[in-house]
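User: I am new to reading protein models. Could you take me through some features, one at a time?

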Amino acid sequence: MLTVYTSFPTDPDVPPEEYRRTLLDKCRWIEQAGCRGVLVHTDNRSVDPWSAAQFLLENTERLVPLIAVNPVYTHPFAAARAISTIGYLYHRQVDLNLVSGGFPSHLRELGCGIDHDERYDRITEYSQIVTRLLSDEGTVSHAGKHYTVKGAKLGMPFDAELMPRIYVSGGSEASLEARRQLGAGWLTYPRLLGRYGDSGVFKGGGIRFGIIARPTSEQAWSLAHARFPHDEGGEALHDWVAQQAESRWHRNLADDVRRSGVLDQVYWLYPFRAYHTFCPYLVGDYAEVAAALAEYFNVGVNTIILNTPEDAEDLEHILVALRLASAS
């Protein structure tokens, strides 16, 4: 069964009243559409994802926050305690998207000097501690390279039915190894399937796409070009960021842009090329977008994160294509 999350902006550039109003409006029609939840991002410039998740929980009935968790910000005990408290106070579930941090400058600001692959080793320890704290009735001890916990125990009961779904985010072999060790899902910004060979990496995994689907291809592309017009300044910023980024998925997509360009085909990279989004887009009529999605579903993808739809009508067009893809 396909799990659908959307995402919402956590880098506010508007007055707080407008920001809250926008979040409330989006979350309500996302919930009404039947999506599981919303991805809450994290980096040094975003709002705190745990606070944003609480705001979401207090203003919706069923939506599940998919909270991006970077160990550099939060100790595993603090994360487990927050999850347990949310379960205790709201009887609501949260899901976790474990991220390693893709901007070296953000990591340097916080004194994090460990390399890319070792950060995924840290993620593995982190998730193991969180899961044990939520699962074990007794105390939890852990002596690892990155964390030491001695006889720790949460102070409130936790309903096992609220155990979070856990995903590891990335595009590298280190992220896949962490996912394998944890038995977790995998989330990535997908390349064209031909770039992956026959590795089977997507079985039980998730992908993030922006989608512009309409009854005709002409309508979809007209909207796509209006939404993401040519932007030389954005392209220059993308080129600079691509040189700094450490995330494998970011570097992979940047390589694809350099090799293949951004032709107007169903799989479209221009919004990424112009630094308007981090994810690829699928653009076309319902059947074209559904066929592209079905290729990923057929190799094991069972989770999709939608780049934030513009409004409820935009989301309904996207869901038409998703339903077609799921039925194929």
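User: Is Leu176 buried or exposed?

Analyst: This is a predicted model, so keep that in mind. A residue counts as buried when its relative accessible area is under 20%. Leu176 has a relative accessible area of 9%, so Leu176 is buried. Leu176 lies in helix α6, residues 173-182.

User: Which residues does Leu176 touch, not counting those up to four places away in sequence?

Analyst: Leu176 touches Trp186 and Val201. Look also at Tyr120. Leu176 and Tyr120 are 56 residues apart along the chain, and their C-alpha atoms are separated by 9.3 Å.

User: Where does Ser100 lie?

Analyst: Ser100 lies in the loop between β4 (95-98) and α4 (104-109). A loop residue can be checked with the cut-off used above. Ser100 has a relative accessible area of 6%, so Ser100 is buried. Now leave aside its neighbours within four places in sequence. Ser100 is then in contact with Asn70, Leu107, Arg119, Tyr120 and Ile123.

User: Now a whole helix. Which residues of α7 are buried?

Analyst: First, the general idea. An α-helix has 3.6 residues a turn, so residues three or four places apart point the same way. Now the case here. Helix α7 covers residues 217-227, and Ser217, Ala220, Trp221 and Ala224 are buried. Seen down the axis of α7, these buried residues fall within an arc of 90 degrees, so they line one face of the helix.

User: Which residues are exposed on the other side of α7?

Analyst: Glu218 and Ala226 are exposed there.

User: Where is His91 found?

Analyst: His91 is found in the loop between α3 (76-90) and β4. At 49% relative accessibility, His91 counts as partly exposed.

User: Where is the place of Tyr275?

Analyst: Tyr275 sits in the loop between α10 (270-273) and β11. Tyr275 counts as partly exposed, at 26% relative accessibility.

User: How do I read a pocket?

Analyst: Rolling a probe the size of a water molecule over the atoms shows where empty space is left. Take the second largest pocket. About 310 Å³ of space lies in it. Its lining has 13 residues, and Met1, Leu2, Thr3, Val4 and Gly34 lie nearest its centre. β1 (3-7) and α12 (312-327) each give two or more residues to the lining.

User: Which element gives the largest share of that lining?

Analyst: α12 does, with four residues. By type, the lining of this second largest pocket divides into seven nonpolar, three polar and three charged residues.

User: Last, the whole chain. How many helices and strands does the chain have?

Analyst: The chain has twelve helices and twelve strands. Its radius of gyration is 20 Å, close to the 20 Å that the globule rule gives for 328 residues, so the chain is as compact as a globular protein of that length. Along the principal axes, the C-alpha atoms fill a box of roughly 60 × 45 × 40 Å.

User: What percentage of the 328 residues count as buried?

Analyst: Of the 328 residues, 54% count as buried. Residues 24 or more positions apart account for 72% of them.

Notes. Residues are numbered from 1 along each chain as its sequence is written. This is a predicted model: local features need pLDDT of at least 70, side-chain atom pairs count only at pLDDT 80 or more; totals for chains, interfaces and linings use all residues. Side-chain values use heavy atoms; hydrogens and water are left out. On a 1 Å grid over the protein atoms alone, a cavity is a set of points where a 1.4 Å probe fits but cannot get out, and a pocket is an open set with protein on both sides within 12 Å along at least five of seven lines; lining residues have an atom within 4 Å of a point. Grid points are joined across faces, edges and corners, and a volume is the space filled by probe spheres set on the points. Ala, Val, Leu, Ile, Met, Phe, Trp, Tyr, Cys and Pro count as nonpolar, Asp, Glu, Lys and Arg as charged, and the others, Gly among them, as polar. Buried means under 20% relative accessible area, exposed over 50%, partly exposed in between (1.4 Å probe, protein chains only). Contact means heavy atoms within 4.5 Å. The arc is that of the directions from the helix axis to the C-beta atoms. The radius of gyration is taken over C-alpha atoms; the globule rule is 2.2 Å times the number of residues to the power 0.38.
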